[in-house]
Amino acid sequence: MQSTKKIRYDFLLEAFFTLLIVAISITRINKNGILMWGGIDPFFHTQRIYEIKSAFQNCDIPVWVNFKTFNFAGQAINGMYPDYTLWLFVLLTIWINKITAQVIVIKSLILLSAFYVTDYTLKVRGFDKISSVLCAWIYVTSGYYSYIFYQQFQPNTMMVMVVLFPLLFSLSDIFQVKEFSIKLTLIFSLLLTWVLFSHLVSFVVLVTLVMVIIVYKLVVARDLSFNSLKILMASAALTVIMGSSLLYRVLIISMSKLHTPFNAGKVGSEEFVKLFTNSTWDATNGPSIAAILALILVLVSGKLKTDKTVQKLAMVEFMILIFCSSILPWNVLEKLPVIGNFQFSQWRYGLFTSFIPMVMLMKSISRHDLRKILLVFSILSIGIMIGKEYSYRQEFTQNPVLNAQTKGASPMSTTMLVKEGGITNPSNISVIPDYVPKNVATKSVTFRDDTLNDDVKNELTNHFLVIGKNKVPTKVSPEKKGLSLEIVSYNKKSVKNIQLPIFGYSTLQYTVTLNGKSVPYHVNSKGFLEIRAHIHSGEHVLVHLVLPKMYKILLYANEMTVIVAIVCLTVMKKKQNEVSVVSND
């Protein structure tokens, strides 16, 4: 009778928390748009979703460059940002017409996914069911998730955090195995692949953490078994196989020689003490207040002195905090490939700082006391949610600037309104040259190479053809897998070199037609596509990107590999359940 009650309370809590997220999400859908903090990021990622959605609505694979967003300039945002997991959430919400409403639903779905994955993982690991639900709730309503849900929109890192709990427990299992396990290999490789498909930088961050742990166990602790090492190596190999299409895509585009992402080449960090003193409930640059309180309770419990598992978790947490801080020589590390793109170490590694203390707390406190503590945390998180929701409403209704316009905001302004009509082409997006060809002119302002040259911005935002010293206006129309440029006014008869307002990547293949007839093109010294022809008013230039056949083959192969891995795990689980039933009989 008692266990039945527990299951019922467990279910009621899950239902209540789910309905709370759904209710907040519904009230967020507003005809005026979405209010978000964090400057350009909300526009940036909303446009990525718009581009993916448009491709799926045309029954196409999303192309590597953006022809429908980012000023229609064919910028390689799609190709350089991992998006396969985002495809899944876009497909699930493709029935939603308004892109602003779709963004809210996607954000909520990712949050609920993290809630249920964490809840399920903790229950499978034998933790108290009610405590598991409460812990999962605190996880998704504090720290980075709280910040993203209310103030920002960064789906990539949100999706990475969905699998942090299973990643931790799977890695722990690998370090404890006595023999090689195909099941563990498949589980760990699928989790790594999820991270790779969500956010490349977070994948690199995760790999650095795992590598440090491996080196420690090999050199210092000397307790890493050969079978554990085999599982790790097999998982790494399988992850590369599953992610080969994405890696191929990034490699091919990178071979064109690109401008680095925003503020690349300079990695900031935080003083170790400030990771704690500057903490907030929704901290993103270190442990949240909830995580710090959990650490304090663990210390008070005394388990840190007696429980080896808690001690190991504390060591991992301390290691992550070191990576967040200025203790490491980031002024040297920032010169390394990929690591130079981290921007801020406390931001990248801070994602991983708030969940381990929760696991430590779950292992350190008795069930009765744990429920009380987590219930207090949960009530506190709901109170904070109500306060944030009130602030959101006040900002939305009382700020006349936000309700009147979407343009004119600085790249990293405090608050911006993402309007439905402003999704496809907000003017300020072009100021950040993420992954544009290296030859495209830029100028330094606050950050290193953080904005395009004024002439380039003018040509892109107005969609000018550049013919010698003349700038010819065009009317832009996105096409399936490409872009159409209609010449508005030009009647000179001589053949000229014509620079299109489209970035040119030397390693990518395009088709360019003028009035339906193919014309040769090349990438000029300024990093743009250029043709040689004579044009007149009313004529059309059509540009398409041709996806490599190898990419399509790898993409389908990756899809099949992931499906086979999931099927194998399902069969293994079914057989394991059958054996358990037989043994119980």
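Q: What volume does the largest cavity have?
A: The largest cavity has a volume of about 110 Å³. Keep in mind that this is a predicted model.

Q: How many cavities of 30 Å³ or more turn up in the whole structure?
A: Four, from a search of the whole structure.

Q: Which residues lie nearest the centre of the largest cavity?
A: Glu51, Ala55, Val63, Lys68 and Lys481. The lining has 15 residues, and these five belong to it.

Q: Which helix gives the most to that lining?
A: Helix H2, residues 41-57. H2 supplies four residues of the lining of the largest cavity.

Q: How many bridges pair S7 with S8?
A: Six, in the antiparallel sense. Strand S8 covers residues 482-487.

Q: Which residue is the bridge partner of Val476 in S8?
A: Leu485 is the partner of Val476. Ser477 stands opposite Ser484, also in S8.

Q: Is S8 largely enclosed or open?
A: Enclosed. Five of the six residues of S8 are buried, so the rest of the structure largely encloses this strand. The cut-off for buried is under 20% relative accessible area.

Q: What is the strand order in the sheet?
A: S7-S8-S14-S10-S11. The five strands form an open sheet with antiparallel pairing.

Q: Why is one side of S7 left without a neighbour in the sheet?
A: Strand S7 (474-479) stands at an edge and has a single partner strand, so one of its sides has no neighbour in the sheet. Strand S11 (517-518) stands at an edge too, also with a single partner.

Q: And inside the sheet, how many bridges pair S8 and S14?
A: Five, antiparallel. In that pairing, Glu486 stands opposite His540 of S14.

Q: How many bridges join S10 to S14?
A: Six. S10 is residues 509-514, S14 is residues 540-546, and the two run antiparallel. Val512 has Val543 of S14 as its bridge partner.

Q: Now the surface. Which residues make the nonpolar patch?
A: Val215, Tyr216, Leu218, Val219, Val220 and Met315. The patch comes to about 540 Å². Helix H11, residues 200-221, gives the most to the patch, with five residues.

Q: Is Tyr216 buried, partly exposed or exposed?
A: Partly exposed, with a relative accessible area of 35%. Tyr216 lies in helix H11.

Q: Last one. Why is helix H20 largely enclosed?
A: Eight of the nine residues of H20 (residues 356-364) are buried, so the rest of the structure largely encloses this helix.

Q: Which residues of H20 are buried?
A: Ile356, Pro357, Met358, Val359, Met360, Leu361, Met362 and Ser364.

Definitions and conventions: Residues are numbered from 1 along each chain as its sequence is written. This is a predicted model: local features need pLDDT of at least 70, side-chain atom pairs count only at pLDDT 80 or more; totals for chains, interfaces and linings use all residues. Side-chain values use heavy atoms; hydrogens and water are left out. Two strands pair if DSSP finds at least two bridges between them. Patches are made of residues with over 30% relative accessible area and no salt bridge: like charges are joined within 9 Å, nonpolar side chains (Val, Leu, Ile, Met, Phe, Trp, Tyr) within 5 Å. Accessible areas come from the Shrake-Rupley method with a 1.4 Å probe; for residues, only the protein chains shown count as cover. A salt bridge is a side-chain nitrogen of Lys or Arg within 4 Å of a carboxyl oxygen of Asp or Glu. Buried means under 20% relative accessible area, exposed over 50%, partly exposed in between (1.4 Å probe, protein chains only). On a 1 Å grid over the protein atoms alone, a cavity is a set of points where a 1.4 Å probe fits but cannot get out, and a pocket is an open set with protein on both sides within 12 Å along at least five of seven lines; lining residues have an atom within 4 Å of a point. Grid points are joined across faces, edges and corners, and a volume is the space filled by probe spheres set on the points.
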